[in-house]
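Have a look at the fold first, and then read on.

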Amino acid sequence: MELLLWIISFSLIGGILSVVLASSFLLLSEKSRNVAVPHLVSFAIGALLGASLLGLIPHALEPELGVDPHNIGLTLLLGLLSFFVLEKLVLWRHCHHDHCDAHDPESSGHNHDHKAKAAGTLILVGDAIHNFVDGILITAAFLTDTHLGIVTALAIAAHEIPQELGDFVILLHSGYSRKKALFFNILSSLGTVAGAVISYFLLADMQHLLPYILVIAASSFIYIAVADLIPGLHQKVKPSETLQQISLIAAGTIFIYIAHSTLH
């Protein structure tokens, strides 16, 4: 029961706390938000890579779990390819459904408004599912090691903050008031707790699957960092901006390393 309380507590940190912190950025001017988001993204990249390569994968390879390292490598590869295909399907469905009008400069204003409202609904549904999966990953990490669970929850919170901030911007653009955007974002973030609690009772009797779930979690983190976040950083090529990005990525990695080392 104590472990379940740990899981619920850090699921709340990984979900609701990130929403609350992201919402505080809405108090800033748009110019300030535009300055802050790239820094948060760089830090999140370091946190995701650190949690994957310094926490999740090493724990999945621990000798006492008795898993063949080749199977771990294969699972990591399949995980990365699966997330690539999944993202490709989402992009294809969006383009097919909308006939790629989002990229058509001749689209009407009415069509744009319709898409904006649809985007608000889709982002909430997508977030709820995403948060549910995050809850499963947090539980899998806690069932392996309490310290790993904490580090995983912190990494999830780190990458959720810039994502939630982006979601707030989309919801406001879709016509939601600030109060409604906050309410629905918090509601969808409860998916993290739901995923964590449900998986706790299901995974407790499936310990042999935990190493593979940890590696799938790692592949998710690595894919998000490398495929979705890092390309955005390449839009800024000045030496000073690049140095800033590297420093913040390193800071995110060091944050996870210190958290993991201190907890152990």
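## A surface patch and a helix pair

Helix H8 gives the most to the nonpolar patch, with three residues. This is a predicted model, where local features need pLDDT of at least 70, side-chain atom pairs count only at pLDDT 80 or more, and totals for chains, interfaces and linings use all residues. Residues are numbered from 1 along each chain as its sequence is written, and side-chain values use heavy atoms, with hydrogens and water left out.

The protein has eight helices and zero strands; helices are DSSP runs of H or I with at least four residues, strands are E runs of at least two, and both are numbered from the N terminus. Of its 264 residues, 39% count as buried, meaning under 20% relative accessible area with a 1.4 Å probe and protein chains only, while exposed is over 50% and partly exposed lies in between.

Back to the patch: Leu-53, Leu-54, Ile-254, Tyr-257 and Ile-258 form it on the surface, with about 480 Å² of accessible area together.

Leu-54 sits in helix H2 and counts as partly exposed because its relative accessibility is 36%.

Now for the helix pair. Helix H1 (residues 2-24) and helix H6 (residues 178-203) pack at an angle of about 160 degrees, with their axes 9 Å apart. H1 and H6 are therefore roughly antiparallel to each other (an angle over 145 degrees).

Definitions and conventions: Patch = residues over 30% accessible without salt bridge, like charges linked within 9 Å, V, L, I, M, F, W, Y side chains within 5 Å. Areas by Shrake-Rupley, 256 points an atom, 1.4 Å probe, with all protein chains shown as cover. Salt bridge = Lys/Arg side-chain N within 4 Å of Asp/Glu carboxyl O. Axes fitted to C-alpha atoms, helices over the stretch in contact; angles between N-to-C directions. Parallel < 35°, antiparallel > 145°, perpendicular 65-115°, else oblique.
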